[in-house]
Every structure is written in structure tokens, then in C-alpha cells.
Amino acid sequence: LAERLAAQGCAVVGVPKTIDGDLQVGKYLPISFGFDTATKIYSELVGNILQDTASSVKYWHFVKLMGRSASHVTLEVALQTKPAVTLISEEIASQKMSLNDIVTTIVDVVIKRAEKGIHHGVVLVPEGIIEFIPEFKVLIEELNEQLLLLGNIDVDQDAILSKLSPESGKLLRSLPAEIASMLLAERDAHGNLQVSLIQTEQLLAKMVASK
């Protein structure tokens, strides 16, 4: 489009858009499109859950929020609502936390609250967290490579296990069937894993309950 219009003296300007709040340019762009609206609505919903779970006195809620490559939305909602646990993808990556480390962190909070007679709580989970966990990042990179070779189609788990490293193969086999199938699903138009479809919050909830 830009090339065709250039001959007519017309310029095309591309403006990056993201809801994550991670494109801030001082006074020119203090907040990105949709961030304020999203965090206010999320905070209202999470706040309602915090009130409800205190009334029920026995439930833990795992809430997944938008944010593939940045946890700004999750952090803002946490600052507004103060849940029991907030997972921040960037912190997990910098601290090189494994899936087991994350589960143990949540379990520790559950136990400490239980010792105080509090048997409920809310855990906030950014949707892109799975790509920030070191062993998952390696697994996803290996799967992306293999799916690209196979023409980006859904494949059977057994058919691809032999092509993965031992560590990634072990991790894939350890996951619930529904999570593993989503990791093997067809990639989007940009070749990316569709993280919003992966029920990371359910995976964490099940692992925390088990531990």
C-alpha cells in the first residue's frame, strides 16, 4: 500500500498498537490503546472475586489476564486489587523459575494463609507466562521448529516426541493431555504459539492442588 501511494506523494505511517501498556513514550504516549479500560474492567471483576471468595471462605481462584509479552496488565490489576499471589512473567524469566518453583511459591502462600485460618485466595496469571518459564521456552522453540518442518499442522504427540530433546520430551509427557495438545496445535499466521488458548491457570491450579 505504501509503495503504491508513494508515487502519488502520499505517505503511510504505521502505528504500533498493544493493550499491554508496554509501548510508552513519555508525554507523547503515556499509555497505550485499551490499557486503561482493560485494567479498570479487570480490576472490577477481580475485586468482585476477592469479595466473593472471602464470603465462601474455602475457594482459591486462578485468574488469567491478558499479556503475552509483558505483564503490565497483571501488575496494574494487582496494584489495584491486592490478590494473595501475582505471577509476573518477567520476574519468572529473570529468576529462571521452573514450573515446579512457581507451583511451590503458590503452595507456600496457600499454607501460610491456611495457618492463619484463611482458606481462600486469588492468584493472577498473565496469559503469556508459559513462554517465560525456561524449560517451557525451550520446549516451545523445539516444537515450533518441528511444526515448521511438518508444514504447521496439528500433529500427534507420539509422532513428535522422538524429535525433541530428552528434557523437552519428558516435560511434554508430564503435562495434562489438554495442555500438551494445545502446545502441539497449529501456530498463528506469524508462527507463534496461541498462548491465549492454553489453560495455564488450570495447569497451575491442578499442580498446586496436587502438591
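Is E178 buried, partly exposed or exposed, and at what relative accessibility? In this predicted model, E178 counts as partly exposed at 32% relative accessibility, where buried means under 20% relative accessible area, exposed over 50%, and partly exposed in between (1.4 Å probe, protein chains only).

Because the model is predicted, local features need pLDDT of at least 70 and side-chain atom pairs count only at pLDDT 80 or more, while totals for chains, interfaces and linings use all residues. Residues are numbered from 1 along each chain as its sequence is written, and side-chain values use heavy atoms, with hydrogens and water left out.

Four salt bridges (a side-chain nitrogen of Lys or Arg within 4 Å of a carboxyl oxygen of Asp or Glu) were found in a search of the whole structure. One of these joins E178 to K206, with the closest N and O atoms 2.6 Å apart. This pair links distant parts of the chain, since K206 lies in helix α10 and E178 in helix α9 (residues 177–183), 28 residues apart; helices (H or I, at least four residues) and strands (E, at least two) are DSSP runs, numbered from the N terminus. K206 is partly exposed, at 44% relative accessible area.

Helix α10 (residues 200–210) also contains E201. A salt bridge connects the side chains of E201 and K64 (3.8 Å, N to O). K64 belongs to strand β1 (residues 60–65), so the pair ties together parts 137 residues apart in sequence. E201 is buried, at 15%, whereas K64 is partly exposed, at 23%.

A further salt bridge is formed by K40 and D36, at 3.3 Å between the closest N and O atoms. Both residues lie in helix α2 (residues 35–56), four residues or about one helical turn apart. K40 is exposed at 51%, and D36 is partly exposed at 36%.
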